[in-house]
Amino acid sequence: MEGWALITGASQGIGQALAAEAAAAGWNLVISARGVAQLEAVAAELRARHGVQVTPAAFDLAEPSAAEALWAAALTASGGQIGVLVNNAGLGWHGAFGTSPEGGAQEAEVIAVNIRALTTLAQLAVAHMRAAGAGRVLNVASTAAFMPIPHMAVYGASKAFVLSLSEALAVDLAGSGVSVTVLCPGATDTGFFDRAGTGTMRLMKLLPMPKPEGVAQAGWRGMMAARRIVIPGAMNTLSAFGPRLLPRALAARLAGVFMARSR
Ligand SMILES: NC(=O)c1ccc[n+]([C@@H]2O[C@H](COP(=O)([O-])OP(=O)(O)OC[C@H]3O[C@@H](n4cnc5c(N)ncnc54)[C@H](OP(=O)(O)O)[C@@H]3O)[C@@H](O)[C@H]2O)c1
């Protein structure tokens with residue numbers, strides 16, 4: 001199975017590593033993010049290293065209709081041959097709920113990108129792939145999806161949405177030839193935390209931060225094997241499923257301790 005893959009948030013971090021996985025496996029790519037120069041640089045490197053076609057498509061997925069416009073651009077670039085969607089673009093905002101500057105604009109952006117754009121792209125891709133009788137979707141959630149996340153409440157809730165949506169779709173799509181996989185990384189060594197304004201949290205002092213390449217490899221392989229959930233690493237599996245053994249109120253309070261800035 002090879003053809004064209006659309007990967008969002010592919011200019012850096014986990015998305016860039018996913019794009020490298022896809023290109024190494026011979027997939028032509030449409031890669032997306034806002035930063036044009038970074039996207040062009042990633043595209044040039046993948047073309048040179050792997051000899052695949054790579055089309056950069058710069059969109060701000062927080063903007064209304066950007067997901068629809070990106071999908072249309074991806075279909076045009078691929079000649080209607082998108083066989084893989086990787087819904088990876090995402091962001092977070094660290095701080096007490098209701099205190100984000102500009103009247104909650106940061107949290108609105110988290111919802112727009114992590115939930116609205118991801119859902120729209122999944123809808124468009126699933127419709128297209130159903131008609132073709134084949135396709136793979138990889139949605140990037142987080143181990144944060146498994147428990148309430150104080151200090152990043154909207155981010156945690158957005159990832160719980162992605163996990164729930166993906167697990168439901170995997171059942172809805174059984175027998176269609178289209179699979180949906182949800183990748184749930186734990187804390188990973190990218191620029192995500194700087195951009196989210198977390199500072200150094202207790203979590204980062206306690207847990208090792210793996211590189212994005214291993215996370216991407218686990219996600220790409222899991223998607224190709226049509227697995228429903230991929231949680232890379234034993235510690236992350238423990239932190240995803242451990243809270244199930246606790247009363248939810250206690251799990252939330254503990255998560256709050258780990259997510260607090262360390263002094
Ligand atoms: N790093 C972690 O610890 C971790 C853990 C669990 C889950 N995740 C999830 O993994 C995914 C990738 O995270 P990462 O760590 O690789 O983060 P990252 O290094 O900050 O990369 C995020 C990517 O998303 C793009 N993006 C952000 N806002 C966008 C917007 N409004 N429109 C279009 N593209 C946008 C960024 O490019 P531009 O800024 O140029 O737009 C970038 O390519 C996210 O969904 C994140 O929630 C990360």
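**Cavity, pocket and ligand site in a predicted model**

The largest cavity in this structure has a volume of about 30 Å³. The structure is a predicted model. The count of cavities of 30 Å³ or more comes to one. Sorted by class, the lining of the largest cavity holds six nonpolar and three polar residues, and no charged residues.

A backbone N or O atom of asparagine 88 is 2.8 Å from an oxygen atom of the ligand. The protein buries 96% of the 870 Å² that the ligand exposes when taken alone. Two further contacts may be located in the model. In serine 11, an N or O atom of the side chain lies 2.8 Å from an oxygen atom of the ligand. In isoleucine 14, a backbone N or O atom lies 2.8 Å from a ligand oxygen atom.

Which residues come nearest to the ligand? Of the 32 residues around the ligand, these are Ser11, Arg34, Tyr155, Thr188 and Thr190. The shell around the ligand is made up of 15 nonpolar, 12 polar and five charged residues. At least two residues of this shell are supplied by each of the helices α1 (13-24), α4 (101-132), α5 (153-172) and α6 (192-196). The largest share, three residues, comes from α6.

Helix α1 also takes part in another site. Together with α2 (36-50) and α8 (212-224), α1 belongs to the helices that each supply at least two residues of the lining of the second largest pocket. This pocket has a volume of about 220 Å³. It is lined by 13 residues, of which Gln16, Ala17, Ala20, Glu45 and Glu213 are the closest to its centre. By class, the lining of the second largest pocket has six nonpolar, three polar and four charged residues.

Helix α2 is also the place of leucine 46. Is this leucine 46 buried or exposed? Leucine 46 counts as buried because its relative accessible area is 5%, and buried means under 20%. The C-alpha atom of leucine 46 is separated by 37 Å from that of arginine 261, and the two residues are 215 residues apart along the chain.

The loops deserve attention as well. Serine 176 is situated in the loop between α5 and β6 (178-183). With a relative accessibility of 17%, serine 176 is therefore classed as buried. A polar atom of the side chain of serine 176 lies 3.1 Å from the backbone nitrogen of valine 178.

Serine 65, in the loop between β3 (54-58) and α3 (66-78), has a positive phi of about 70 degrees although it is not a glycine. Alanine 226, in the loop between α8 and β7 (229-230), is likewise a residue other than glycine with a positive phi, near 55 degrees. The relative accessible area of alanine 226 is 36%, so alanine 226 is partly exposed.

Notes: Residues numbered from 1 in each chain as written. Predicted model: local features only at pLDDT ≥ 70, side-chain atom pairs only at ≥ 80, totals over all residues. Heavy atoms only, no water. Near = heavy atom within 4 Å. Polar contact = N/O pair within 3.5 Å; in protein donor to acceptor, adjacent residues only side chain to side chain. Areas by Shrake-Rupley, 256 points an atom, 1.4 Å probe, with all protein chains shown as cover. Helix = DSSP H or I, 4+ residues; strand = E, 2+ residues; numbered from the N terminus. Nonpolar A, V, L, I, M, F, W, Y, C, P; charged D, E, K, R; others polar. 1 Å grid on protein atoms, 1.4 Å probe; cavity = no way out; pocket = protein on both sides within 12 Å on 5 of 7 lines; lining within 4 Å. Points joined across faces, edges and corners; volume = space filled by probe spheres on them. Buried < 20%, exposed > 50% of the residue type's maximum accessible area, 1.4 Å probe, protein only.
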